Amino acid sequence: MSLDPKDWKAFRKTAHTMLDVSLDRMQSSREGRVWTPVTDELAKSIREPLPKAPSDYEDITAALEEIIPYAPGNIHPRFFGWVNGAGTPSNILAEMAGAAMNVNAGSRNHVAPHIEQQVIRWMAEVMGMPKETSGLVVTGTSMATIVALKAARDFHQKKHEETNPDACLVGYTSEQAHSCIGRAFDLLGICKENLRKIKCNENFEMDLDALKAQMEEDRAFCHIPFAIIGSAGTVNTGAIDDLEGIADICEAEDLWFHVDGAFGATAILSEQAKDRLSALSRVDSLGFDFHKWWQVNYDAGCVLIRDPLIHRQAFARRPEYLRGKERGLAGGKFWAVDYGPELSRGFRALKVWTHIKTHGVDAIKEVVERNISQAQYLESLVKASSKLEMLAPVSLNICCFRYKFESGADHKNNDIVVQLQESGIAAPSTTTINNTLAIRVNITNHRTQQADLDLLVGAVIEIGDSL
Ligand SMILES: *Cc1c(COP(=O)(O)O)cnc(C)c1O
């Protein structure tokens, strides 16, 4: 017996109900709490014995409806923690179509590679990279970084193979860079210690003199510098490294220039930040997310690699049973398996393509510009209050500040954040800036309004006063 519905008419009704439930959730994203912790009852009810028999569709919709409220809350306009996108209802359309197609986008001759490659062409255009730029729609920037640095490592290893087979490759990034870079080094066997964390200036941007000094020292020890990884928007403060400066060094020293632009690269769409991101046109590779500032629903990220041949050489090793053909289903020029570590993979590009067509890049530009202005507005509120102080300059869309206490400030500011989260009012996160705990507000949310920031600051002061 197949797993298809026995009664399609009844299933259709269930599916329509579920669609309504899902749309209701999104339409009411502003209502109610931001984060709702999972109750003990719910956690307990999830730990049921392995189901052997089927359930009724009504029971399944009821179970889905029951879990929907217990999400992290990032579709809410006052979710300010870490860096999360808010998603859109229009994604639900693409997800439905995608589920119905049930495509394996890793290989072969069908529509998915055409859509995915179109997304890559659009993104190369947005970032100012050449038309031939290669790339994939991946899970997120963590995966994008692994794919990009694999290409970088292989290319440079090969270059030094004959003259210096045992040489140790070293890469460089700033001490504010994201942990996914160290992870990629680890996974690629370059070894985490060979990622040098360069100190930053007072704006949390990589200190390029320190970078050059470190490279000189490494060369003196016969290490081989191979890549510099710049940050376009650090997760702590939104700082953008001097990317033109890094590009110059990479060019002069023949190094791979990778940029982690997880959320910040999207700001190339904005008038405020595009000049600081002009060097994205010079990268060898770039990783960024659609599920952050682009507002595509989780998960979707992107890797772009300037040289398609270097990209392909890092991954294309197909066994006999995956040989391509001139014609038929095993035809098709682009097989994603030749450009990344996965064979079977979902059709993520469909929701990205649909998202961009639905809204157009001008709408994303508007969101990005508004969020940047909102971070500046929040800074002005902090500066206007005698009870609050800024802990880092606002570079992009992130504002780090704290309530001023006579003593125990770190502990009490942490308490403020936890109380805000647990009360359901708002969900900022914390970070450490120069050894001081900061209330960290990241705004990558198309639903956030100025009044949400007024409300946040009012609540911070109220809780702070009570501690
Ligand atoms: C989120 C983030 C990452 C990791 O991206 P994922 O999509 O979560 O894998 C890397 N770098 C920065 C700056 C980020 O904000």
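In what order do the 7 strands of the open sheet with mixed pairing lie? The order is 1-7-6-5-4-2-3. Before we walk further, a word on what you are looking at: this is a predicted model, in which local features need pLDDT of at least 70, side-chain atom pairs count only at pLDDT 80 or more, and totals for chains, interfaces and linings use all residues. Residues are numbered from 1 along each chain as its sequence is written, and side-chain values use heavy atoms, with hydrogens and water left out.

Let us begin with the overall layout. The protein is divided into domain 1 (1–31 + 36–70), domain 2 (99–359) and domain 3 (362–466); such bounds come from an automatic or database domain assignment. Between the centres of domain 1 and domain 3, taken over C-alpha atoms, lie 35 Å.

Now back to the sheet we opened with. Helices (H or I, at least four residues) and strands (E, at least two) are DSSP runs, numbered from the N terminus, and two strands pair if DSSP finds at least two bridges between them. In the 7-strand sheet, strand 1 (134–138) and strand 3 (195–198) are the edge strands, each pairing on one side only. On average, neighbouring strands of this sheet are turned by 20 degrees against each other, direction ignored; the axes behind such angles are lines fitted to C-alpha atoms, for helices over the stretch in contact, and angles run from 0 to 180 degrees between N-to-C directions. Inside the sheet, 4 bridges pair strand 2 (residues 169–174) with strand 4 (residues 224–231) in the parallel sense. Here Leu169 stands opposite Ile224 of strand 4.

A further open sheet has 4 strands in the order 8-9-11-10, with antiparallel pairing. Its edges are strand 8 (388–390) and strand 10 (429–433), each of which pairs on one side only. Neighbouring strands in this sheet are turned by 45 degrees against each other on average, direction ignored. Strand 10 runs antiparallel to strand 11 (residues 436–442), and 5 bridges join them. Look for Thr432, which stands opposite Leu437 in strand 11.

Next comes the ligand. There are 14 residues around it, and Ser142, Asp260, Asp289, His291 and Lys292 come nearest; a residue is near a molecule if one of its heavy atoms lies within 4 Å of it. By class, this shell has 5 nonpolar, 6 polar and 3 charged residues, where Ala, Val, Leu, Ile, Met, Phe, Trp, Tyr, Cys and Pro count as nonpolar, Asp, Glu, Lys and Arg as charged, and the others, Gly among them, as polar.

A nitrogen atom of the ligand is 2.6 Å from an N or O atom in the side chain of Asp260. An oxygen atom of the ligand is 3.0 Å from an N or O atom in the side chain of Lys292. Taken alone, the ligand exposes 380 Å², and the protein buries 85% of that; accessible areas come from the Shrake-Rupley method with a 1.4 Å probe, and for residues only the protein chains shown count as cover.

Tyr298 and Asp299 are joined by a cis peptide bond, with omega about -15 degrees, and Asp299 sits in the loop between strand 6 (285–289) and strand 7 (301–305). Asn102 lies in the loop between helix 4 (90–101) and helix 5 (111–127); its phi is near 50 degrees, a positive value in a residue other than glycine.

Definitions and conventions:
A polar contact is a pair of N or O atoms within 3.5 Å; within protein, one must be able to donate a hydrogen and the other to accept it, and residues adjacent in sequence count only if both atoms are side-chain atoms.
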